[in-house]
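Reader: I have just opened this structure and have not looked at it before. Could you walk me through it while I ask questions?

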Amino acid sequence: MDENDVIAMVKLNGGRVTMPRRAILKSLLNAKEHMTAEELAKLVREKYPDIHISTVYRNLEELEKLGVVIHTHFLHGPATYHLESEIHVHLVCEVCGNVAEVPLDSLNPFIREIKKNFSFSVNPKHFALQGVCSICAKNSEN
Ligand SMILES: [Zn+2]
Ligand SMILES: [Zn+2]
Ligand SMILES: [Zn+2]
């Protein structure tokens, strides 16, 4: 996935490609970590100081409506943003706060089972799964 792919997706989903949107998508592509809207706005404004912070927030929302960007919550923290094309399931350790990323497919058996037994469609993208990571599990044994 590069900048052109993401831009193509905005157009495909009926969105306009404006300068602020381009800047947001670029920043998301370059992001190595999960970013809150605030962190993302800061990153955008480091390179594009003319873009107002509220413009970043508004466009982030619009890109989400277009299905290009998606947000996830970790524990009680604020939402963090991803490109929809790069979404994965998050495993968050409730002891140390470490976040692991696993493929969306890894939840398929669980999602199918819930659907079959309870006619409920699980959305695994919006919230992280909470638990205890292997390191913390080990520490609590001692
Ligand atoms: Zn993630
Ligand atoms: Zn942990
Ligand atoms: Zn949310």
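**The sheet and its pairing**

Author: The bridge partner of T36 is T80, which belongs to strand 3. This is a predicted model, in which local features need pLDDT of at least 70 and side-chain atom pairs count only at pLDDT 80 or more, while totals for chains, interfaces and linings use all residues. Residues are numbered from 1 along each chain as its sequence is written, and chains are lettered from A and ligands numbered from 1 in the order in which they are written.

Reader: Which strands pair over two bridges, and in what sense?

Author: Strand 1 and strand 3 (residues 79-83) pair in the antiparallel sense over two bridges. Strands here are DSSP E runs of at least two residues, helices are H or I runs of at least four, and both are numbered from the N terminus; two strands pair if DSSP finds at least two bridges between them.

Reader: What is the strand order in the open sheet?

Author: The open sheet has three strands in the order 1-3-2, with antiparallel pairing. Strand 1 (35-36) and strand 2 (69-73) each have a single partner strand and stand at the edges, so one side of each is left without a neighbour in the sheet.

Reader: Stepping back, how many helices and strands are there in the chain?

Author: The chain has six helices and six strands, and along the sequence they follow the pattern α-α-β-α-α-β-β-β-β-α-β-α. The C-alpha trace spans about 55 × 40 × 25 Å along its principal axes.

Reader: Now the helices: at what angle do helix 1 and helix 2 pack?

Author: Helix 1 (residues 3-12) and helix 2 (residues 19-30) pack at an angle of about 130°, with their axes 10 Å apart. Axes are lines fitted to C-alpha atoms, for helices over the stretch in contact, and angles run from 0 to 180 degrees between N-to-C directions. The two helices, helix 1 and helix 2, are therefore oblique to each other, given that angles under 35 degrees count as roughly parallel, over 145 as roughly antiparallel, 65 to 115 as roughly perpendicular and the rest as oblique.

Reader: And which residues meet there?

Author: From helix 1, E3, V6, I7 and V10 meet R21, R22, L25, K26 and L29 of helix 2, where contact is taken as C-beta atoms, placed from the backbone, lying within 7 Å.

Reader: What about helix 2 and helix 3, how are they oriented to each other?

Author: Helix 2 and helix 3 are roughly perpendicular to each other; helix 3 covers residues 37-47, and the pair packs at an angle of about 110° with axes 9 Å apart. In this contact A23, I24 and S27 of helix 2 meet L40, L43, V44 and K47 of helix 3.

Reader: Is A23 buried or exposed?

Author: A23 counts as buried, because 20 C-beta neighbours lie inside 10 Å; the cut-offs are 20 or more other C-beta atoms within 10 Å for buried, 12 or fewer for exposed, and partly exposed in between. Leaving out residues up to four places away in sequence, A23 touches V44, K47, Y48 and I51. The C-alpha atoms of A23 and V44 are separated by 6.3 Å, although these residues are 21 residues apart along the chain.

Reader: Switching to D105, where is its place in the chain?

Author: D105 is in the loop between strand 5 (99-102) and helix 5 (108-118). D105 is exposed, with 10 other C-beta atoms within 10 Å.

Terms used
Two residues are in contact if their C-beta atoms, placed from the backbone, lie within 7 Å.
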